[in-house]
2 protein chains.
Amino acid sequence: MAVQTVASTTDSAVDLGPAAALSCRECGHRVPLGPVFACEECFGPLEIAYDFSAYDTEELRKRIEAGPANIWRYAPLLPVPADVATKPNMNPGWTKLVKADNLARELGVTGGLYVKDDSGNPTHSFKDRVVAQAVEAARAFGYTTLSCSSTGNLAGAVGAAAARAGLRSCVFIPHDLEQGKVVMAAIYGGELVGIEGNYDDVNRFCSELIGDSAGESWGFVNVNLRPYYAEGSKTLAYEICEQLGWRIPDQLVIPIASGSQLTKIDKGLQELIKLGLVEDRPYKIFGAQAEGCSPVSVAYKAGHDVVRPQKPNTIAKSLAIGNPADGPYVLDIARRTGGAVEDVTDEQVVDAIKLLARTEGIFAETAGGVTVGVTKKLIENGLIDPAKSVVVLNTGDGLKTLDAVAGTGLTATIRPNLESFREAGLA
Amino acid sequence: MAVQTVASTTDSAVDLGPAAALSCRECGHRVPLGPVFACEECFGPLEIAYDFSAYDTEELRKRIEAGPANIWRYAPLLPVPADVATKPNMNPGWTKLVKADNLARELGVTGGLYVKDDSGNPTHSFKDRVVAQAVEAARAFGYTTLSCSSTGNLAGAVGAAAARAGLRSCVFIPHDLEQGKVVMAAIYGGELVGIEGNYDDVNRFCSELIGDSAGESWGFVNVNLRPYYAEGSKTLAYEICEQLGWRIPDQLVIPIASGSQLTKIDKGLQELIKLGLVEDRPYKIFGAQAEGCSPVSVAYKAGHDVVRPQKPNTIAKSLAIGNPADGPYVLDIARRTGGAVEDVTDEQVVDAIKLLARTEGIFAETAGGVTVGVTKKLIENGLIDPAKSVVVLNTGDGLKTLDAVAGTGLTATIRPNLESFREAGLA
């Protein structure tokens, strides 16, 4: 995707709460808040720099705890205006942190095993968290159309959020996407445009559109609004810690697509420590990929600092990014915290989806199968300590990836009488 | 379904919190708490009688408000032990009450329009509320297998809840159910048994099983555990009122399948009034059906007190009960409160699903299309007052009934370039 470096309609007076500026992750160069995502000095990724200096720890904790049961309880830590909770939006987040005692028994975890179940979000994936930030950025910059390229969860999240917020939406997808996924994206009534080409063609076209006058009132959630959008993943860190009684878990297992979610969760944990909301204690972050798209896992195991792109071939389509932008940062974080990056086969993904459903009644998307499967593998190979606490992320809903477990079926077929019931051994 | 009148393993010492006895809705005959559902005197339906006499209004309100963000905040008003929230269960409820301002504008509602969105429950339908009560009753009565007959939402809710609670589950479905629905029910790893026959055959078989020794350790959530199970719907009333700031809305639109949900919501509102938790003010309850299965609507319009069974033929399959057990009670409530019962065509159901998605970003199951469609119709025919508040229930998730809106698709297909984009009129 082409890199946009012109700080076009930047307005430093824009009100996005504690967000003070954009700062380059590579060289630290700062620019005013605006719809830009790459550093004009070094082309590194821009991210939000905050001013949290005015916060008193205990006052902040009380303010958060008195807040709404959604991500906006953390508005003081996000790039959103203070009155965000009063505006029409999807109010995602504050999803369940399930104490998974049955799964813990099966995996031999004695230190406490938890599943952060983001299938409870409004469109049933974690994407609602990030899109909600992009909506506020779009409002702040005066954009009237919310857009993205997508092959799945993001399309629905953008369509729904735009509908609620009263923005136009225009989502671009490959024209030959499966009918079920088209319906899930089209139902919200925004424009859904099929592009004659593959997902790479869709992305190239979106880059072209951003640089053109036709796209000047358009906010692409994960392109020109990406610095804002990405911050939404921090809320997973905040919620997990608050739900554990303001405590960082010992170990976290996080899926890797672009790697952004994992890096922002680490950022969120670091912020909580600096703000004094949690004790500064060691934690390990583990990244999870599917073997069929495992560029970060391969780089981790080879001891590399760079990530070599792969051509994805896995049922875990929501994680199938072959050239993950934040891959090097993921490697840094896994190594710095003493974690690791691991991958599992598609067969292991399916087994893990069934394991989680059978033990905890949670029907996860393939991405959840990846994290549960990787957790099992990391326990088996000794990298996760089962005597310490583990939080595993499930970022999506099994209803969206039914095909992956299509083989699951009836345990018996009987005639409608007791004899047939007994013959089947069901009594 | 055969009526079971023998109070078999009744144990009056069972701890189900404030539940004091079972009481016949028709003749008032009381029996101790047990796994029975029909009055031994008159065959009327048994329901829970509570002892709320010890509660102080303001203490109770504080206790509820300090409770967990799920139905167990209302444990003092439900047939569950006081420590229910500490046991492994799905913790459903406390779903969003969405202030639907965009939909209100389209429908001309000025008094406040809200959607109670139960797609946010763990298995994405209101069934999680009722099954959670049945799990506690099963535990109290020593049942080790949780069972039901189902063609949809209930199967998933039972499978998930049993998995979490560590109970065996055995769900009976027609053997020729669509593969997607089989997967949604089978994924939780319980026994899923196909019955060679239609849904009526499945129900007849379940009745036979309940009367047999083979079924003696089995809790059928909506048969021998029905009095407990049904109480879960009261939590919808509690949540709506608390989320409105302890206020009863002027008008509620509720779907009708068996009619149980509507009658229990009315029961919940009456309890809140008696307990002093809300002001005693008039409210109107409206029942919603699909035209293709509208026995209660037909009876309402004809001025009848009894409901003549219909053979269902509608896309709203989760509401397709042709002989609704609580139909007469629904008629009573609609008439007593000054409400009504109305129905809409399948085409109107689809239009309403799209309307809700387009305006509020909520993708409802067909049952939600029925309530939104009926709301629109009742406003148009003057029975709902648009100057007063309205709460509309969405009881399920659109991802489960994708077929109903399968026609929804791309708004345009273009080549991956700006010329094609402009030609399509998208700029």
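Trainee: Why does B:Pro32 count as partly exposed?
Mentor: Bear in mind that this is a predicted model, where local features need pLDDT of at least 70 and side-chain atom pairs count only at pLDDT 80 or more, while totals for chains, interfaces and linings use all residues. Residues are numbered from 1 along each chain as its sequence is written, with chains lettered from A and ligands numbered from 1 in the order in which they are written. The count that matters is of other C-beta atoms, placed from the backbone, within 10 Å of the residue's own: 20 or more is buried, 12 or fewer is exposed, and in between is partly exposed. B:Pro32 is partly exposed because its count is 14.

Trainee: Where does B:Pro32 lie, and how far is B:Ala21 from B:Pro32 in space?
Mentor: B:Pro32 is in the loop between strands E2 (30-31) and E3 (46-50) of chain B; strands (E, at least two residues) and helices (H or I, at least four) are DSSP runs numbered from the N terminus. B:Ala21 is eleven residues away in sequence, yet the C-alpha to C-alpha separation is 4.8 Å.

Trainee: What is the order of the open sheet in chain B?
Mentor: Its pairing is mixed, where two strands pair if DSSP finds at least two bridges between them. The edges, each pairing on one side only, are E4 (97-99) and E12 (340-344) of chain B. Reading across its six strands gives E4-E5-E13-E10-E11-E12.

Trainee: Which residue is the bridge partner of B:Gly287 in E12(B)?
Mentor: E11 (284-290) of chain B runs parallel to E12(B), joined by five bridges. In E12(B), B:Gly287 is partnered by B:Val341.

Trainee: At about what angle does H11 of chain B run to E11(B)?
Mentor: Angles run from 0 to 180 degrees between N-to-C directions, using axes fitted to C-alpha atoms, for helices over the stretch in contact; contact means C-beta atoms, placed from the backbone, within 7 Å. Helix H10 (295-302) of chain B lies across E11 and E12, at about 130° to E12(B). Helix H11 (327-337) also lies across E11 and E12 of chain B, and its angle to E11(B) is about 135°.

Trainee: In chain A, which residue of E5(A) stands opposite A:Val98?
Mentor: Chain A has an open six-stranded sheet, E4-E5-E13-E10-E11-E12, with mixed pairing. Within that sheet, E4(A) and E5 (113-117) of chain A are antiparallel, with three bridges. Opposite A:Val98 you'll find A:Val115.

Trainee: How many residues of chain B are in contact with chain A?
Mentor: Chain A brings 67 residues to this contact. By class, that side of chain A has 34 nonpolar (Ala, Val, Leu, Ile, Met, Phe, Trp, Tyr, Cys, Pro), 15 charged (Asp, Glu, Lys, Arg) and 18 polar residues (the others, Gly among them). From chain B, the number is 67.

Trainee: Which residue of E14(B) stands opposite A:Val193?
Mentor: Here the pairing goes from chain to chain: E8(A) runs parallel to E14 (412-414) of chain B, over three bridges. Facing A:Val193 is B:Ala412.

How values were computed. Contact = placed C-beta atoms within 7 Å.
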